[in-house]
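Here are my notes on the model, as numbered points. Please read them with the structure open.

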Amino acid sequence: MDHPTGGLELGADVGDLVGTALLAETLRPLATAGTAKVGFASMSPLLARIDPDPAVAAILDDPLDSDFLDKIHGTLGPTIENTATAYPWAKHGVHRFARKEAVRLGPVGARACSLSPGTFLLSDEAGFLNGIDVPAHGGVFAAVRGD
């Protein structure tokens, strides 16, 4: 993945977080009451029990920093170049991003959440969901069965 402001190429996994942030930043001015943003996350950071120390969390919380890729590589080391490591870290960043995006959107009556993986909760009945990750199981199975 080529970071929009330069840096290392770490693959599409880190791009999941950077892309989410770029898209959210672009669409944020269009948010109004009733807008719902859903970030596509994953169960992988939950299964990997990712719990970053404050230094790593601060880096993940600023994926559009021009030095983001260098900083994340410098902090987590060369293992971040491995998809099995990069993917859960990037998706953990998406979880964190959704919580922060919900705070940014709240004043205009919009909401944000991340989804890990599967189903969409964008109905009016789901209006109470804001800034959280929704672990959803059986998305493909439910679609095949028609549930």
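1. Contact, as used in these notes, means heavy atoms within 4.5 Å. By that rule Thr-75 is in contact with Val-56 and Ile-59, leaving aside its neighbours within four places in sequence. The model is a predicted one.

2. Stay with Thr-75 for a moment. This residue lies in helix H4. Its relative accessible area is 37%, so Thr-75 is partly exposed. Thr-75 and Ile-59 are 16 residues apart along the chain, and their C-alpha atoms are separated by 8.8 Å. The side chain of Thr-75 also has a polar atom 2.8 Å from the backbone oxygen of Lys-71.

3. His-73 belongs to H4, which spans residues 68-76. Is His-73 buried or exposed? The relative accessible area of His-73 is 19%, and the limit for buried is under 20%, so His-73 counts as buried. Which side chain does the side chain of His-73 meet in a polar contact? The partner is the side chain of Glu-81, at 2.5 Å. Please look at this pair in the viewer.

4. Now the overall layout. The chain holds 6 helices and 3 strands. Along the sequence they follow the pattern α-β-α-α-α-α-β-β-α. The chain has 147 residues, and 40% of them count as buried. Take the contacts with a separation of 6 or more: 65% of these join residues 24 or more positions apart. The accessible surface of the chain is about 7900 Å². Carbon and sulfur atoms account for 58% of that surface.

5. Next, the largest pocket. Two or more lining residues come from each of helix H1 (12-27), strand S1 (36-40), helix H5 (83-105) and strand S2 (111-116). H1 provides the largest share, with 6 residues. What is the make-up of this lining by class? There are 9 nonpolar, 3 polar and 4 charged residues in the lining of the largest pocket.

6. Cavities are a separate item. How many cavities of 30 Å³ or more are there? The count is 2. The largest cavity has a volume of about 50 Å³. Its lining consists of Val-14, Leu-17, Leu-60, Phe-68, Ile-72, Ile-80, Ala-86, Trp-89 and Ala-90. By class, that lining has 9 nonpolar residues, no polar ones and no charged ones. At least two lining residues come from each of H1, H4 and H5. H5 contributes the most to the lining of this cavity, with 3 residues.

7. Glu-101 deserves a look. It is found in helix H5. Why is Glu-101 classed as buried? Its relative accessible area is 2%, and buried means under 20%, so Glu-101 falls in that class. Setting aside residues up to four places away in sequence, Glu-101 touches Ala-24, Arg-28, Lys-37 and Ala-112. Among these partners are the charged residues Arg-28 and Lys-37.

8. Check the backbone at Arg-49. Most residues other than glycine have a negative phi. Arg-49 is not a glycine, yet its phi is positive, at about 55°. Where does Arg-49 sit? It is in the loop between helix H2 (44-47) and helix H3 (54-60). The relative accessibility of Arg-49 is 73%, and exposed means over 50%, so Arg-49 counts as exposed.

9. Last, Gly-109. This residue lies in the loop between H5 and S2. With a relative accessible area of 41%, Gly-109 is partly exposed. Which residues is Gly-109 in contact with, leaving aside its neighbours within four places in sequence? They are Thr-32, Ala-33 and Gly-34. Gly-109 and Gly-34 are 75 residues apart in sequence. In space, their C-alpha atoms are 6.2 Å apart.

Notes. Residues numbered from 1 in each chain as written. Predicted model: local features only at pLDDT ≥ 70, side-chain atom pairs only at ≥ 80, totals over all residues. Heavy atoms only, no water. Helix = DSSP H or I, 4+ residues; strand = E, 2+ residues; numbered from the N terminus. Buried < 20%, exposed > 50% of the residue type's maximum accessible area, 1.4 Å probe, protein only. Areas by Shrake-Rupley, 256 points an atom, 1.4 Å probe, with all protein chains shown as cover. Polar contact = N/O pair within 3.5 Å; in protein donor to acceptor, adjacent residues only side chain to side chain. 1 Å grid on protein atoms, 1.4 Å probe; cavity = no way out; pocket = protein on both sides within 12 Å on 5 of 7 lines; lining within 4 Å. Points joined across faces, edges and corners; volume = space filled by probe spheres on them.
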